[in-house]
Amino acid sequence: MISVARICIPAMAFVLLTGTVRAQEVDLSGTRVFLAAQWVFPQKEFGTFWKDGPALGIVADLPLGAPVFLSGLVIASWHGPAETPRKHKIPQVLLLQLGGGMAIRSDLSPSLAGSVSAHLVNNMFVMTGPAVRPGIENAVESEFGISLCAAVSFASPPFPPVSVTGSYQPILVGPEPVSIVSIGFLVGLR
Amino acid sequence: MMRCLTVLALLTISLARGQQGLLLDQRVTDWARATSSIQLPSATRYVPVAVARGLGTWSAPENTFSFMSMPFEAFPLNLVSADYFPADLLILDSVSIVQRPALSESGSFAGGVIEVFPSEIPDTLVIGGRVFGGSETGDVILHEYTRDNLAFCNRNKIGFSGSGSISNKVHDVGYRLTVGSFSYFSTGYADRDKILIPYINLPTFSRPNRHTLGSLELTYGARDHENVVVFGGFNAFQAWEHVPFLPSFGFFSGTLGTIRVSMERVIPFVDLFAKRDAVDLSMQRQLGAEGGSYRASVVSANPVLRVPLAGKIALRVPVSYALHSVDVDDNNRQFFLEDRQKENWSVGIQLRVESDDWRVEADGRYEKGINGSRLRSATIGIIQPSGDPGSIELHAGSVERSPTLLEMYGEYTMWRYRPDLARNDTLRVQGNDQLKTSRSTGIEIVYTLPGEPRIRGTFFSTRTENLVRRVSSGALRSAYPGDLVLPGRYANVGSRTLAGLEIETDSKLTDRVNVTMRYSFSANKHAPEVPRHQVMAGVTVILIPSTMIRMSVKGISKTRWEEFRLDPARDEKSGIGSDGIAPEYWSVDCSFVQDFGSTWFLNNVTARLEMQNLLNREQRTFPIGVTTDFAVIGYVTFRL
């Protein structure tokens, strides 16, 4: 559990590394921001005891030089307890993904593009509800994962660009990692 | 300065400060992690425990930490840790790590030495600061809900530290005042470790570790000329520790400090060095262990006679006198049972001969140890710094060391309740005043190929006789399976030899990409706590001039620790015993460094995000005790 430090340190890092990099070094004007809507399917132990759930978030791309982008994401998803004998012991989980990484994009046609990306993601499992057990402090699981994502984007001005995405992320909680699979779409905000 | 150069000349590894301006390597630990001989119990606590290449002993380290060329000799209970010296507060210029028997004017280092060199005090007023925050994972919180009967013996940890300094040089007088603090505490769920619970006081155990540190450096004179340096530093601490002397954790509080003075080239023909290292340590009473305290100090004076000789020949004659004292209250039942006071003195000789192509460094030391023995030590180094066929260094040395006061007179007692027998058993660790001196004798041959990439090979072999170790004594009273709290006594355990080969390369692939690789093989039959194989590979990439990424992979083969080996027949509780083996592990670390230049009212702002042990839940460098877990550490440094 990490409480404040686990939230603040990666947040600080991503603000530092993706948001406020000195203007004279990187051109921020090309930054693209998307609203992300996804459905997240937990796998392995996480999927055994928790249900899949909806997710909302923000994804941002900062061009470093074609076709490479610096990429960051903040996505929150909600997962209730699955139907298992332990259901009454399982709290609801708010999964907050905070990730940064690189993306490579290729134009398939004037309006169609494909991209692949890899992110190092800090996953915060925030336990909520009456099943949460009292800890020394508020008990938040914080684990890193590596998210691999593919997307197909369609842009037809003046409409905002839209992408369909799918991702797989092993989450490194120890010798037996859990994982999540996400599908969804992105809508360009700027 | 001459003294520093002398010591530098002894060094096997002198790790240059990486990436000037980006401050990638700031702490002692940053340097220590890059070597093959330092084992780090905990990432967020920045604690290097030195196990020099086959020479140090985990249970009672020799002198291993040196500052201003004088060993620091007041580590609580022999815990060699940067936590217990105000060194991490210093703005370091470099840290050097010698991995063979070594001598300096005021100390002998049978197990090698970590020498810290602070940066020069600037000529202008500089006010700066550093803030660190780290988080180290422990148990998987998800398992708290999905599994039953978890032990939760490895809790999540958070550490914060910060320091500020003000420095300036007015005419020839420089000053640097530094203060800082360091807090480290556990979070998450309460500990349910069966091994700890029976004897610790849980509310106390949940208290954070705290350190408050301060130091003042004063200098007089210009570099390379007459020079006076005064350093005073303290560390007031309260901390849970698993220290080498004890077989268990203890909650300690106390203060340690040092004041040291050096005067070089002020008096004709004589340089003067003096210091006082001291520690005041107390341990709270725990469930099963009575509290105790002690005060220890080492006061030493160390004049060095410079004998003028012609040409490039330098001769120095260091003399030292030191008084080692331990002071305890009446009826003290832990650590030391009565006051102790021991003297030691030494006389040495240092000869440096230099030509255009090579140089020779020879040192000898005759010493009366604190156990009354006469110690004789000598080292020699023949160095050809460069040339077409490459540079070569040959070092040989034999260094004798006296047992420490703790090894001779230490005492620690605790009790364990054994439910099946409905009784307490007493476990005791005792010193041994009959310990003989131990001697480490070794050679080291270093060959560096000319040109790029830099490739260096090192052959090393060291034999230690009358090695001092804590050995288990009496019948083992295991309370739970895996409970390896052993009664023990310090003893000379014969001799052991460690030999091996290390190959490393450092190549600059492009202006922005640097690759480092190292492999170390140790024939560790007689020193199984040293890994047979160690491999490290790292790449540093400067993405843009202000942004740098570094990734490294490190692999360590399994190690075996005699202190924790337990014959099943002696495991009266479970009959399982323990092989005392720490399994092999691989770790992946990565760092992001961003230089922000001037931001708001701050200058030279540099942020660094580091993730250590990326792929492991935990990494254990010895069979019990603290682990290095996956850790995230953030750093910000700045100047006003």
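This is a predicted model: local features need pLDDT of at least 70, side-chain atom pairs count only at pLDDT 80 or more; totals for chains, interfaces and linings use all residues.

Reader: Which residues make the nonpolar surface patch?

Author: The patch, of about 910 Å², is made by B:Ile380, B:Ile382, B:Ile392, B:Leu394, B:Ile443, B:Ile445, B:Tyr447, B:Leu449, B:Ile455, B:Phe459, B:Leu501 and B:Ile503.

Reader: And which elements give two or more residues to it?

Author: In chain B, these are β21 (374-384), β22 (391-401), β25 (438-448), β26 (454-465) and β29 (496-508). The largest share, three residues, comes from β25(B).

Reader: Where does B:Ile380 lie?

Author: B:Ile380 lies in strand β21 of chain B. Its relative accessible area is 38%, and because buried means under 20% and exposed over 50%, B:Ile380 is classed as partly exposed.

Reader: Changing topic: how many aromatic pairs are there over all chains?

Author: A search of the whole structure finds nine. In one of them, the ring centres of A:Phe46 and A:Trp50 are 5.6 Å apart and the planes are at 55°, so this pair is tilted.

Reader: Are those two residues buried or exposed?

Author: A:Phe46 is buried, at 0% relative accessibility, and A:Trp50 is buried as well, at 1%.

Reader: What about B:Phe65 and B:Phe75?

Author: They form an edge-to-face pair, with 6.0 Å from centre to centre and 90° between the planes. This pair links distant parts of the chain: B:Phe65 is in strand β4 (residues 65-67) of chain B, while B:Phe75, ten residues apart from it, is in the loop between β5 (70-71) and β6 (92-98). B:Phe65 is buried at 2% relative accessibility, and B:Phe75 is buried at 9%.

Reader: Which residues form an aromatic cluster?

Author: B:Phe252, B:Tyr294, B:Phe335 and B:Phe336 form one.

Reader: And what sits over the ring of B:Tyr409?

Author: The charged end of B:Arg340 does, 3.7 Å from the ring centre.

Reader: Finally, where is B:Asn466 found, and what does it touch?

Author: B:Asn466 is in the loop between β26 and β27 (468-472) of chain B. Leaving aside residues up to four places away in sequence, B:Asn466 touches B:Lys436, B:Thr437, B:Ser438, B:Asn492 and B:Gly494. B:Asn466 counts as partly exposed, at 27% relative accessibility.

Reader: How far apart are B:Asn466 and B:Asp277?

Author: They are 189 residues apart in sequence, and 27 Å apart in space from C-alpha to C-alpha.

Note on methods
Residues are numbered from 1 along each chain as its sequence is written. Chains are lettered from A and ligands numbered from 1 in the order in which they are written. Side-chain values use heavy atoms; hydrogens and water are left out. Patches are made of residues with over 30% relative accessible area and no salt bridge: like charges are joined within 9 Å, nonpolar side chains (Val, Leu, Ile, Met, Phe, Trp, Tyr) within 5 Å. Accessible areas come from the Shrake-Rupley method with a 1.4 Å probe; for residues, only the protein chains shown count as cover. A salt bridge is a side-chain nitrogen of Lys or Arg within 4 Å of a carboxyl oxygen of Asp or Glu. Helices (H or I, at least four residues) and strands (E, at least two) are DSSP runs, numbered from the N terminus. Buried means under 20% relative accessible area, exposed over 50%, partly exposed in between (1.4 Å probe, protein chains only). Contact means heavy atoms within 4.5 Å. Rings of Phe, Tyr and Trp (its six-membered ring) pair if their centres lie within 6.5 Å; planes under 30 degrees apart count as stacked, over 60 as edge-to-face and the rest as tilted. A charge sits over a ring if NZ of Lys or CZ of Arg is within 6 Å of the ring centre and within 35 degrees of the ring normal.
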